[in-house]
Amino acid sequence: MKLDLEAALLRAMEAGQSVRGTTSPNPPVGAVILDAQGELVGTGATQPAGGAHAEVMALNEAGEAARNGTAVVTLEPCNHTGRTGPCAQALIDAGVSRVFFLHGDPNQEAAGGASTLQAAGIEVAQVAAPVDKDVPDALLPWLRAIEMGRPHVTLKFAQTLDGFTAAVDGTSQWITGEHARAWVHVDRSQRDAILIGTGTALADNPSLTARRPDGSLFEQQPRRVVIGRRNLEDAGAAASNLRELGYLQFEDIDQALCELYADGARDILVEGGAGLASSFLNAGYVDAVQAYIAPVLLGEGRGVLAHPVAQTLSDAKRFRRSATKVLGDDVLIEYVLNSPS
């Protein structure tokens, strides 16, 4: 199958998306190899930490067909030796003639692959992502995490059309329909951790697992994290169950982000509740928002946030829409922060 550059880049992005949630602290990179005639001969993605990088996986599949061919990668090929060798050298050894990549590598330890490739006589160019693509860019959270030195944080909530997450009596299951709930579990399987507050943990006793519609677990499960000082062990059976499920507990947000990052987490999801969401926003730690909007009207109920996060519109954080997904009668709207601090 012959591919032009845009089609090859989309294939590489799909490969990277397919391993999102399995590679941290390494980035979920995708790569494809085209032979000298432009035929697709290899596809690869980053393996779990300690395993082969995307370029090596694609080169292994391509074999000798990579010689005089083209590599298309979502991240600049690495230039350092860690648990694996440098991908830039692997591409040189394979005899490729051209390398195109989507993002430069912000990690100073690994950067410089483009220069090494050029010095070896290989044509190298950074390219832009295709416009109006349906394939998500799995690298964006990792890139931001490296820049910030902390995990990238996505705040997720489900709400009615008029902005409530629960009815007056506290009932909230289920605001969204089965399609949206199924997608939540797919998304969980692509995250490094899910965070909730102690109030939500004790009130709802959630498993926070990533499950298929038949109840079976996805192979990749996120870390399950509770934030707060309340002693779960003194709170009864629910707390005991949480401990058995392997929950991690941190006293506050800063401790959680610091220790999770040190443990390799780069892409995390904050799921509840309103108090924790407000605290993350007030601390300036929300980088993206997932809003699941259900075709339900309540008129009164519990809101997404428990506390004000701005006193006036001019002080409010502004987000821009990055994606919209229809899930049955529900809609998932994804936003990223306009001007990251």
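What follows is a list of stops in this predicted model.

**Stop 1: helix α5.** Select residues 140-148, which make up α5. Now highlight P141, W142, L143 and A145: these are the helix's buried residues. Then step off the end of the helix: α5 is followed by G149, which has a positive phi near 75°.

**Stop 2: R188.** Jump to helix α6, residues 178-188, where you'll find R188. Is this arginine buried or exposed? Its relative accessibility is 9%, so R188 counts as buried, the cut-off being under 20%. Show its side chain and look for the backbone oxygen of T209, which the R188 side chain reaches at 2.8 Å. Next, select I194, L208, T209, A210, R211, P222 and E271: these are the contacts of R188 once neighbours within four places in sequence are left aside.

**Stop 3: a cis bond.** Head to the loop between α1 (5-18) and β1 (30-34), where P25 sits. Check omega on the peptide bond from S24 to P25: the bond is cis, with a value near 10°.

**Stop 4: N68.** Last, go to the loop between α2 (54-62) and β3 and pick N68. With a relative accessible area of 46%, N68 is partly exposed.

Conventions: Residues numbered from 1 in each chain as written. Predicted model: local features only at pLDDT ≥ 70, side-chain atom pairs only at ≥ 80, totals over all residues. Heavy atoms only, no water. Buried < 20%, exposed > 50% of the residue type's maximum accessible area, 1.4 Å probe, protein only. Helix = DSSP H or I, 4+ residues; strand = E, 2+ residues; numbered from the N terminus. Polar contact = N/O pair within 3.5 Å; in protein donor to acceptor, adjacent residues only side chain to side chain. Contact = heavy atoms within 4.5 Å.
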